Amino acid sequence: MIELADSFWKLLLPGIRVTIPLTAISFTCGLIIALLVALVQVAKIPVARQAARFYVWIIRGTPMIVQLFVVYFGLPSIGIRLAAFPSAVIVFSLSVGAYCSETIRAAIESIPRGQMEACYCVGMTFWQGMTRVVIPQAMRAAFPPLSNSLIGLVKDTSLAYSVAVVEILATAQRIAARTYDYFWLYCEAGLIYLIFSTVLTYVQRAIERRMERRH
């Protein structure tokens with residue numbers, strides 16, 4: 001039991017130092033990408049709209065681990081070398097951007113068109129109407145699915161071990177290679193991911209209740 005307790009803290013430390021920053025940076029960058037892609041599609045800018053759809057199609061249609069391999073192992077063959085952590089951030093950000101852009105787009109399109117028409121009537125441009133009126137309402141509707149995407153990203157960061165990012169799962173594998181106690185170490189790794197996801201779930205519910213009271 002002492003050894004298991006010791007290994008738990010050895011797994012938790014990479015979770016705090018690597019998994020949480022990787023999740024936070026990737027999700028923040030991904031949300032920015034998602035919002036831009038959603039706005040481009042809603043604005044119906046011909047060439048940009050097709051490019052956005054192509055990007056979403058590629059990212060959603062290929063496995064994330066393949067994308068990680070392409071960025072980390074594939075790009076050096078054409079002269080582009082990236083460290084493991086930035087490679088993971090790029091892939092996770094692009095993935096979040098593709099999936100969340102559809103969530104945000106659907107939320108924007110759920111807002112009655114009359115609101116944009118009212119914005120035009122008072123002299124606002126398309127972008128002003130979107131940023132001041134439509135997007136604040138759309139983000140409130142999109143908050144639950146976006147929160148689910150964040151929780152999913154926490155678990156997806158476990159794939160970063162495949163490109164040598166020393167996060168929770170990679171640390172568990174290294175310890176297990178010495179102790180051969182694979183079962184309990186992998187269970188501990190799963191428990192840490194469960195703890196992180198549970199905390200985020202409670203935070204999500206608290207924010208939702210607060211938003212409902214304000215609304």
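User: How many residues of the lining of the second largest pocket are nonpolar, how many polar and how many charged?

Analyst: This is a predicted model, in which local features need pLDDT of at least 70 and side-chain atom pairs count only at pLDDT 80 or more, while totals for chains, interfaces and linings use all residues. Residues are numbered from 1 along each chain as its sequence is written, and side-chain values use heavy atoms, without hydrogens and water. A pocket is an open set of points on a 1 Å grid over the protein atoms alone where a 1.4 Å probe fits, with protein on both sides within 12 Å along at least five of seven lines; lining residues have an atom within 4 Å of a point. With Ala, Val, Leu, Ile, Met, Phe, Trp, Tyr, Cys and Pro counted as nonpolar, Asp, Glu, Lys and Arg as charged, and the others, Gly among them, as polar, the lining divides into 10 nonpolar, two polar and no charged.

User: Which element gives the most to the lining of the second largest pocket?

Analyst: Helices here are DSSP runs (H or I, at least four residues), numbered from the N terminus. The elements that give two or more residues to this lining are α1, α6 and α8 (182–214). With six residues, the leading contributor is α6.

User: Which element supplies the largest share of the lining of the largest pocket?

Analyst: Among the 15 residues that line the largest pocket, Val42, Glu109, Arg113, Met116 and Met130 are the closest to its centre. At least two lining residues come from each of α1, α4, α5 (113–121) and α6. The largest share, four residues, comes from α5.

User: Which residues are in contact with leucine 35, leaving aside its neighbours within four places in sequence?

Analyst: Leucine 35 is found in helix α1. Its C-alpha atom and that of isoleucine 104, 69 residues apart along the chain, are separated by 6.7 Å. Contact means heavy atoms within 4.5 Å. Apart from those neighbours, the residues in contact with leucine 35 are Ile104 and Ile135.
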